[in-house]
Every structure is written in C-alpha cells, then in structure tokens.
Amino acid sequence: MQPTEVAGPFDDQDYLFEAWWPGTRAIASCERGVLRLQVAGLADAEAAFPELATLPSQLAEDATMLDGTLLILDADGRPDADLLRQRLAGLGRPGRPAYVASDLLWAGGQSVRLNAFHVRRAWLETILEPGDRATVGRGYRGDGTLLAEALASLGVDGLSARQLGARYRSGPAGDAWLRAPITPAEPRSRPTLALILRLPLGD
Amino acid sequence: MWRGAIQFGLVTIPVKLYLATESTSIGFNMLHADCLNRIQMKIYCPHHDAVVPRSDTVRGYEWSKGRYVVMTDAEMDAVPLKTVRAIEIEMFVDAKREAHEAQFVKQAYYLEPDPMGAKAFELLRQVLADQGKTAICKIVLKDREQLAALNPFDTTMLLTTLHWPDEVRSHTELNLPTAGITVKPAERAMAEQLIASMTGEFSPADYRDDYRAALMSVIEAKVGGEEPVPAQRVEPTKIGDLMAALEASVAAAREARRSAAAESAGDAAVTPSSDTADADQRPARRRRSA
C-alpha cells in the first residue's frame with residue numbers, strides 16, 4: 001500500500017490520524033520467534049537493527065506481519081533521521097532503534113488484509129504489547145489539524161491519515177491512506193524533514 | 001616569551017611573541033600506589049645496566065637502523081639559520097584558506113610591538129587587513145625553523161606556525177568519493193537545503209569542555225573530603241517516551257485551541273462580526289487533494 005499525497009492536514013471522522021515520523025517504512029514479519037524486516041533498498045535489515053530481534057516476544061500471536069515505521073532515537077529520545085541514515089549506510093550503530101506499528105497484515109498465520117482498517121488496528125493493539133523498542137503508534141480519530149499543530153511543535157513535517165473503513169490495498173492506496181505535509185514550527189533546531197523518504201537510501 | 005623582529009625588505013619591527021592559546025587539560029602525576037610518593041623516571045642504559053645522569057647523555061640521530069651520528073651542542077649552535085630572532089616575511093598572499101596550507105596549523109602566537117616599532121607594526125597590521133593579505137614567513141622557535149602565517153587579528157597580529165609541506169601526509173591513499181559518483185539535481189538541492197537550514201554564525205564562546213568540568217568537580221569533591229557524586233547514568237530512551245511527548249504536545253495544542261475559542265467567545269459579546277472571523281478559523285472538514 002502506497003500513500004497518496006494531499007495538500008495539507010484536514011479533519012474527518014472517517015480517518016485515523018498519526019504522526020509521519022522521520023523514519024523509514026518497514027514491514028515486520030515474525031514467525032516462530034524470528035523477526036524479518038523488509039526495508040526498501042536494504043537487503044539485510046535485521047543485521048542493521050539487531051536490537052529489534054526481541055520484537056516477536058512482544059507479540060501475543062505468532063506468524064504475524066506488521067506495517068510500520070523504523071526510527072532511530074537520539075539520546076533525547078527524538079527520532080533522528082541522520083542517525084537512521086548512518087545505520088542504513090552501514091556506518092556503525094548509533095542511536096537506539098524503535099519500531100512504531102500502524103497496521104496489521106497477518107495475524108496467527110492468516111491474512112487480515114480484507115478487514116476494515118479499524119478492525120485491523122484494534123486487533124493490532126491487542127496483540128502487540130507496548131515495549132521499550134516497539135509499540136503501536138498513537139492515533140487520533142477525526143482531529144487531523146489538531147494533531148498537525150502538535151506535530152509541528154515537535155518538528156515533525158508529515159501527517160498520516162488512514163481511512164477507518166478501508167481494506168488493505170496493494171499498490172497505490174487511493175483514499176485509504178493519505179500523507180499530508182506539515183510546516184514545522186520555527187526555529188527548527190534539527191531538520192527532521194522526511195529526508196529518509198526523499199533521499200536515496202541503499203543505492 | 002620570544003623576542004625578535006619582523007623583517008621584510010628594509011623594514012624591521014621589534015616584537016614579542018606570546019602564546020595565544022593554553023592547554024586546560026587536567027594533568028596527573030604518577031604515584032606509587034603503596035605510599036603515594038611520586039614515581040621518579042630514571043634514565044637507564046641497558047648496555048651498562050646502570051642508571052645514567054642526564055649530563056652523561058648526548059643527542060644521537062639514527063641515520064640507519066641502529067647506527068647513530070652524535071650532534072654536540074656546539075654543532076647544533078653552528079647550524080646556519082637565517083631566521084634567528086627574526087620573523088622573516090617571505091611573501092604576501094591573499095588571505096584565503098586555499099592560498100596556503102593554513103589548515104595544518106601547529107600553534108598560534110599573539111604579537112606585541114616594542115614601543116619603538118609600534119607605528120610600523122600598526123601600519124603593517126592595517127595594510128594586511130585592508131588588502132586581505134597574509135604574510136608567509138619563517139621563524140626559529142625552540143631551535144627549529146618553522147613556517148608561519150602572519151595575519152591581522154583585532155588590534156594585534158596573530159602568528160600561526162604551520163607544518164612544512166613534507167610533514168603533511170598525502171590524502172590520496174584514502175578511500176574517497178571518485179568521479180564515478182553521480183548526484184541527481186534533486187539530491188543536491190535537498191543537501192543544499194539541509195546545509196542551509198543548519199547554517200549559522202560560529203561563536204566559540206558557546207562551546208565548552210564538559211569532560212574537564214566534570215573531572216574537576218570530582219577532584220574538588222575528593223579534596224574537600226566529600227564522596228564524589230557518580231555521573232548520572234542516562235536512562236536509555238524508549239519509544240514510549242516519544243509517544244508520551246506526542247500526547248503532551250496534542251494536549252497542549254488542544255488547550256491552546258480551547259483558550260483561543262474562549263477568547264473568541266468573549267470578543268463575540270462586543271464584536272458583532274466575530275462569528276465570521278471564527279468561521280474562517282475553523283479547521284477544514286474536507287480533505288483537499290495535492
């Protein structure tokens with residue numbers, strides 16, 4: 001599922017709004033206690049993020065696949081796009097990796113993609129126990145512009161909006177998943193722009 | 001302190017040199033753990049199996065493996081050096097970084113003119129500043145001829161000793177990006193944007209040696225008989241902290257809206273047109289396409 005770009009934040013009770021954290025999208029597959037991470041342009045993501053190997057222990061069901069964002073947190077706990085780039089480029093292991101799950105694709109060995117997003121999301125929250133390294137992201141129903149204001153103050157420059165009634169779609173998401181840009185508050189001590197998404201990563 | 005003269009052409013300006021920087025690192029002495037007395041370093045000759053007094057030592061230069069030529073003090077003094085007691089200006093160059101190898105600096109010195117050379121000193125300082133020039137010179141310091149750059153610096157001049165070209169290692173053996181790398185215009189624009197967003201004025205006063213301060217506070221505590229406070233171990237940051245920060249930020253944004261709405265309601269009592277203004281500020285209800 002690939003998000004559709006929209007002009008800016010909006011309010012709509014049919015959508016769940018979340019932060020578009022400055023990280024990289026990652027599909028996490030967990031089977032028999034083993035994690036596999038799919039990150040665009042990175043062949044061996046588990047080797048780059050060995051700290052996340054314990055993620056399966058936070059899951060209540062085996063044979064599960066999550067859709068989410070991989071972040072590197074700096075010493076202050078803020079997501080740091082530069083540190084993430086260093087990791088992806090194989091330049092050491094700075095910072096602390098974290099995984100923010102947003103959607104559930106498989107659970108207990110079965111695909112849940114045909115369920116509406118609000119069902120998948122509720123399911124995700126029951127099977128992923130929040131931990132130090134992985135959690136379900138905070139979602140806000142309807143209040144896109146309010147969340148955008150809060151994110152701007154945190155220096156985050158994107159808003160994710162997922163349609164509560166939509167199935168998981170392969171390819172372009174259409175209205176099911178939208179990305180709205182946010183203008184972060186000034187001054188920005190560190191640009192947390194989604195460089196990760198716009199600059200080439202592994203190539 | 002070094003005393004000598006700047007020389008170029010027929011001009012001689014008597015000056016003194018003062019170190020422009022000082023080391024603030026904390027020094028330790030080596031003590032015997034049992035008695036806490038200072039350890040003495042003895043000069044030892046393995047051939048005679050004996051401790052040798054410093055006066056019985058000579059300078060030796062290893063010209064091939066295990067073979068030395070001895071240089072006496074008299075021979076050292078007899079080495080012809082043109083730049084003894086002089087800062088001899090060889091040439092003037094544009095004061096651009098690329099114009100010389102000033103990035104390979106050793107030590108910086110402030111210059112102070114003798115009263116009789118004050119006018120010529122100020123003249124040279126002003127002309128270097130106005131014309132954007134650096135004087136490249138030679139000077140003998142600590143028995144060694146050194147290459148140096150002379151630059152105007154506030155109301156004085158700064159002499160910066162430089163490494164000789166043969167002391168500077170070549171960088172060509174490093175694994176550096178080559179011409180094979182192509183950069184797309186969009187990538188370059190993004191990199192330029194990133195650099196621009198982090199561009200500012202460098203203010204040295206904003207930086208300090210935190211390690212030295214922390215070490216000094218431990219030493220002072222021990223001198224005062226207190227138990228040093230161990231450094232606070234930073235708890236590893238967690239993803240839950242980030243979510244908590246987000247929730248706090250959302251709560252703050254919600255509160256700000258509530259306050260704005262309350263103010264707006266107050267204004268409505270006295271401003272008939274405030275309904276329209278409120279409607280304009282209401283958030284969009286519909287999604288707009290990009």
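Which side chains does a polar contact of 2.9 Å join in chain B? The side chains are those of Arg125(B) and Glu122(B); a polar contact is a pair of N or O atoms within 3.5 Å, where within protein one must be able to donate a hydrogen and the other to accept it, and residues adjacent in sequence count only if both atoms are side-chain atoms.

## Basis of the model

This is a predicted model, in which local features need pLDDT of at least 70 and side-chain atom pairs count only at pLDDT 80 or more, while totals for chains, interfaces and linings use all residues. Residues are numbered from 1 along each chain as its sequence is written, chains are lettered from A and ligands numbered from 1 in the order in which they are written, and side-chain values use heavy atoms, with hydrogens and water left out.

## The two chains

Chain A has five helices and 11 strands, and chain B has six helices and 11 strands. Helices (H or I, at least four residues) and strands (E, at least two) are DSSP runs, numbered from the N terminus. Of the 203 residues in chain A, 55% are buried; in chain B, buried residues make up 21% of 290. Buried means under 20% relative accessible area, exposed over 50%, and partly exposed in between (1.4 Å probe, protein chains only).

The accessible surface is about 8300 Å² for chain A, with 50% belonging to carbon and sulfur atoms. Chain B exposes about 22600 Å², and carbon and sulfur atoms supply 55% of this area. Areas come from the Shrake-Rupley method with a 1.4 Å probe; for residues, only the protein chains shown count as cover.

Five strands of chain A form an open sheet with mixed pairing, in the order E1-E11-E10-E2-E9. Two strands pair if DSSP finds at least two bridges between them. Strands E1 (4-5) and E9 (140-142) stand at the edges with a single partner strand each, so one side of each has no neighbour in the sheet. E2 (residues 12-19) and E10 (residues 158-163) of chain A are antiparallel and share five bridges; Tyr15(A) has Gln163(A) in E10(A) as its bridge partner.

H4(A) lies across E2, E9 and E10 of chain A and runs at about 15° to E2(A). Axes are lines fitted to C-alpha atoms, for helices over the stretch in contact, and angles run from 0 to 180 degrees between N-to-C directions. Eight of the 10 residues of H4(A) (residues 144-153) are buried, so the helix is largely enclosed by the rest of the structure. Among them are Gly144(A), Thr145(A) and Leu146(A). After H4(A) comes Gly155(A), with a positive phi near 80°.

## Nonpolar cores

The largest nonpolar core has 29 residues, and those with the most contacts inside it are Trp21(A), Leu147(A), Leu151(A), Leu159(A) and Ile239(B). Such a core is a set of buried Ala, Val, Leu, Ile, Met, Phe, Trp, Tyr and Cys residues joined through side-chain atoms within 4.5 Å. Elements that each supply at least two residues include H4 and E10 of chain A and helix H5 (239-268) of chain B. Another core, apart from this one, has 28 residues, among them Ala26(A) and Val136(A).

Beyond four places in sequence, Ile239(B) is in contact with residues including Leu71(A), Val100(A) and Arg133(A). Contact means heavy atoms within 4.5 Å.

## Around Arg125(B)

Arg125(B) lies in helix H2 (residues 118-131) of chain B. Its relative accessibility is 14%, so Arg125(B) counts as buried. Not counting residues up to four places away in sequence, Arg125(B) touches Pro152(B), Asp154(B), Thr155(B), Thr156(B) and Met157(B).
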